[in-house]
Amino acid sequence: MHILFLTQILPYPLDSGAKVRASFVLRYLAARHRVTLVSFSRASDPPAALAHLRTVCHAVHTVPMTRSLAGEARSLARSLVSGQPYTLLRDERRAMHQLLQQLVQAEPFDAIHADQLAMADYAWQASRVAHASAPRLVLDAHNAYYLIPQRMAAATRNPALRLFLRREARLMARAEGECYRRFDHLLTVTPEDRAAIETLLPSDPAAPPQRWTMPICVDSAAPPLKRQPAARGLLLLGGLHWPPNADGARWFLREVWPLVRQQAPQAQLFIVGARPPADLQAAASARDSATAPDGAVIVPGYVTDPQPFLAASAALIVPLRSGGGMRVKIVEALQWGLPVISTTIGCEGIEVTPGRDLLVADTPAALAAAAVQLLQDPAQGDALAANGRRLLAARYDWRREYTLLDAIYPA
């Protein structure tokens, strides 16, 4: 089949969960079909990313994505006037519609695959102007997006922000329900997200779209990392421009970290991720490397190679209070052989057993106790990591799990 594959972010390098998902799906499909990739690109994308993707795909096309305060303000104003979700309006670009129209009118495509909700309308509009018979429409939604502002509203203390987030959750739920009905196939990454999305769809299970659940996977054959003996770091990893990550980092820093310091004064906290907000940067006592003074809080921003921080950490902390889908950082930690401590929301949708594959804690006191436990007992961390690697090989290897795509895209 000839597949037109649309992504909101360039799916390489693999430095975010969305990129990991899109990249391995793309690799699986491109090994069996002819795939043309169309993606937004950003100034921060390394030149090597396009070169790599061109070795995978039949063709690669990009449209620049730039954002500004003025553009964000216009999107917010449009949302207030139109009743459409701000989250979707901020990614609306005429140049993407124009490029897709040119492509689908120049050659026939058997299917259009939209990765994430932001690309759904682009896929739908392109299918309507395709010069051949209507292509199959497939949406990999990843997760139920309306749950993200809904959960953020429940966690925030700011009344004005809570009001905005509740409104955004309502608008997103309506937009998602309307959007999904246009597709032939709908993929989600967890049963929980599929169930949340199905509340927005007709009750008849035979009504379109056909629904599939396929987890986010990685390469289980990759060797685990080598951690430092008696590592004393705690690692928070993920883009800090993503509100749930920033909220979780602030909460951990404010409510949990002081409790950890009381019991483990030699501990270090690494908050690693792109675009850290000013208040998190201000909390850093050192920002240059993983060799900071005892008890240091280190906020280095985006790093091309997180290995030094991984190796210096006793555990990956996932202190999320909102969000949806799967936390790929947990699946990657299983691959790395890095022990994990997560909230219940943080490990939602991943088939882990608390106490065997990772530790789960939802209150500041419980999170602090779990962190101190792994800082003081490396053997327990090693046991969690070994169990996590076994789970990864059994359940989250892309070569095995992504064979589900053969039912949507038959050879």
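Reader: Over which residues does pLDDT stay under 50?

Author: pLDDT is the predictor's confidence in each residue, from 0 to 100. In this predicted model, pLDDT stays under 50 over residues 286–294, and the model has 25 contacts beyond four places in sequence for that stretch (contact means heavy atoms within 4.5 Å). Where pLDDT is low, the predicted coordinates should not be read in detail. The protein averages a pLDDT of 92, and 97% of the residues score at least 70.

Reader: What ground rules apply here?

Author: Residues are numbered from 1 along each chain, and side-chain values use heavy atoms, leaving out hydrogens and water. Local features need pLDDT of at least 70, side-chain atom pairs count only at pLDDT 80 or more, and totals for chains, interfaces and linings use all residues.

Reader: At what angle do H5 and H6 cross?

Author: Helices are DSSP runs (H or I, at least four residues), numbered from the N terminus. Axes are lines fitted to C-alpha atoms over the stretch in contact, with angles from 0 to 180 degrees between N-to-C directions. The axes of H5 (residues 94–106) and H6 (residues 120–129) cross at roughly 40° and come within 9 Å. Angles under 35 degrees count as roughly parallel, over 145 as roughly antiparallel, 65 to 115 as roughly perpendicular, the rest as oblique, so H5 is oblique to H6.

Reader: Which residues of H5 and H6 make the contact?

Author: H5 brings Met-96, His-97, Leu-100, Gln-101, Val-104 and Gln-105; H6 brings Asp-121, Tyr-122, Gln-125, Ala-126 and Val-129.

Note on methods:
Helix = DSSP H or I, 4+ residues; strand = E, 2+ residues; numbered from the N terminus.
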